[in-house]
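User: I am new to this structure and would like to learn how to read it step by step. Could you take me through some of its features, giving the general idea and then the case here?

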Amino acid sequence: MMKNILKNGLMGGVAALALIPASALAQTSKEQQLEARIEALERAFGTMQGELESSRAENAQLKAAVARAEARTAELATAPSPAPANAPGPALAAAPPQDGFTVGNGKTRIKIGGFLKTTATFSRWDDGAVAGNSLGRDFYLPQSIPVGGTRESTDNDFNAKQTRLWLSMDTQIAGHSVKGYVETDFQTATGTQGSERTTNGYNLALRRAFVQFDNLTVGQDWSTFQYVGALPESTDFVGTTEGTVFSRQPLVRYSIPFNGKATTLQLSVENAETASSTNASPALVENDDDSLPDFAARLQHNAAFGELSLAGLVRRLSVDDGALGDSSTAYGASLGGKIYLDADKRYDVRFMATYGSGIGRYVGLNFAPDAIWVPATGKLHKVDNLAAFVAVRLGWTPTLRSNLMASYQKAYYPDDFAAGYFNAFNKEAWSVAGNLFWSPVPSIDLGVEYRHGERILVNGLSGQLNRLEFAAKYNF
């Protein structure tokens, strides 16, 4: 109504002015002011009319939205109640996480990560040389240290073999979590490495590949007997090699959380493989004669002070050459932990101690055999192992840190053999190392590390390694 009154008034005034003769409208000062006021009123009217039309359009949209909402509410009120999340029926996708991306049906969240790592090593062996492009040149492997020879010049090696790529998948289906994980690198494969003279090409090799359905894990992963959380940060591929349990293999594992998930019990059956030596040679042999899987269990507790892990292993060793065969029960136990020394968790102590009989392939990358096979008698004699390491992490600043570590392993061979039988077998290995890491930005790690290691045979021969290593890693 206001609009019509204002419009009619303005139009009437304009019409009245139009009837006045032009001669009567002399351009006096007062008349010019009146004409300016009329033009201002016309502009104000136009603005008011536009705002009124916009308001009417918005009101119409609001009424339509309210109508749709009322219709949806009525529809939901008459629809049947939804089934419980764990009831059988069509799979329901939960809200996706904020990172990663979806593919296929859009219900599976995909993440890609890993790191690009380059190392430069300067190695000095006191008792011989290690062949180029072998594992002993790539990372610290105590069983590769030469013994009883002569010192050679320092060897320098650059490589990017430890570069790692992983892919993880996560799908929420009817209240259940289904996860998949694949991890690869270029260090694991042996025997088909590239030439350092030309291309330096190396094969991509499988590290881990498993599926997780709630608490069940099936696939290749770290052995349940191993506590990965205790491994110290190192420029090396492993670091405390001789003193740690280290094994990845196919397994079936079930995890049982307790105490609000602060404590977890893991039970698994894992791939069996008896690694034996014979009285003719200390060389390790994969027999593929096992008829039972290895059984492992691990109890882990997480608390404000850190983490503790206790693991056990039971396995049945078996060797059969077709004519003669023997088997023996082996066992082992391992205690590990990570204890924080400050509230910010920049300082900590990490440790692991392992003892067992017939567990050689699980410790120190198979520094000693599981057992000795004597073909003449068809008997299998187990080897005992004691291994341990300790490491201290020192977080000097949020971006600067050091790690000090010491590692040791000793093998105990059967005492029912003639003297000198095991002369060429590995008896002990130990090493000490210290490093300094700097992370100028969160995704970049630059490190330098010095290591001294020693290998000792049963006959007393020994060899030493001194290594200075630099590493650069980009994490993504």
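User: Which residues does tyrosine 362 touch, leaving out those up to four places away in sequence?

Analyst: This is a predicted model, and a contact here means heavy atoms within 4.5 Å. Not counting residues up to four places away in sequence, tyrosine 362 touches Ser223, Phe225, Thr244, Val245, Phe246, Ser247, Gln249, Glu270, Asn271, Asp294, Leu313 and Arg315. Two of these partners, Phe225 and Leu313, come up again with Tyr362 among the residues that have the most contacts inside the largest nonpolar core.

User: How many residues does the largest nonpolar core have, and which have the most contacts inside it?

Analyst: The largest nonpolar core has 13 residues, and those with the most contacts inside it are Phe225, Ala230, Leu313, Met352, Ile359, Tyr362 and Val363. Strands β13 (306–320) and β18 (384–394) each supply at least two residues of this core. A second, separate core has nine residues, including Ala368, Ile372, Val383 and Phe425.

User: How should I read the pairing of β13 with strand β14, and which residue stands opposite arginine 315?

Analyst: Strands of a sheet pair through backbone hydrogen bonds, and the pairing is either parallel or antiparallel. In this model β13 and strand β14 (residues 325–340) run antiparallel and are joined by 15 bridges, with arginine 315 standing opposite alanine 330 in β14. The two strands form a hairpin with four residues between them, and glycine 322 in the turn has a positive phi of about 100°. On to the next pair: β14 and β15 also pair in the antiparallel sense, over ten bridges, and there tyrosine 340 stands opposite aspartate 348 in β15.

User: Is serine 357 buried or exposed, and what does its side chain meet?

Analyst: Serine 357 lies in strand β15 (residues 348–357). Serine 357 counts as buried because its relative accessible area is 5%, where the cut-off for buried is under 20%. The side chain of serine 357 makes a polar contact of 2.7 Å with the side chain of aspartate 384, and Asp384 is also one of the residues that serine 357 touches, together with Ala330, Tyr331, Lys382 and Val383, not counting residues up to four places away in sequence.

User: What is the order of the strands in the open sheet, and which strands stand at its edges?

Analyst: The open sheet has four strands in the order β11-β10-β16-β17, with mixed pairing. Because β11 (281–286) and β17 (379–382) each have a single partner strand, they stand at the edges, and one side of each is left without a neighbour in the sheet. The twist averages 35° from one strand to the next. Strand β16 (residues 371–374) pairs with β17 in the antiparallel sense over four bridges, and isoleucine 372 stands opposite histidine 381 in β17.

User: Where does the pLDDT fall below 50, and how should I treat such a stretch?

Analyst: Where pLDDT is low, the predicted coordinates should not be read in detail. The protein chain averages a pLDDT of 84, and 77% of the residues score at least 70. Over residues 1–26 the pLDDT is below 50, and this stretch has 15 contacts in the model beyond near neighbours in sequence. Over residues 73–97 the pLDDT is likewise below 50, with 13 contacts beyond near neighbours in sequence.

Terms used
Residues are numbered from 1 along each chain as its sequence is written. This is a predicted model: local features need pLDDT of at least 70, side-chain atom pairs count only at pLDDT 80 or more; totals for chains, interfaces and linings use all residues. Side-chain values use heavy atoms; hydrogens and water are left out. pLDDT is the predictor's confidence in each residue, from 0 to 100. Buried means under 20% relative accessible area, exposed over 50%, partly exposed in between (1.4 Å probe, protein chains only). A polar contact is a pair of N or O atoms within 3.5 Å; within protein, one must be able to donate a hydrogen and the other to accept it, and residues adjacent in sequence count only if both atoms are side-chain atoms. A nonpolar core is a set of buried Ala, Val, Leu, Ile, Met, Phe, Trp, Tyr and Cys residues joined through side-chain atoms within 4.5 Å. Two strands pair if DSSP finds at least two bridges between them. Axes are lines fitted to C-alpha atoms, for helices over the stretch in contact, and angles run from 0 to 180 degrees between N-to-C directions.
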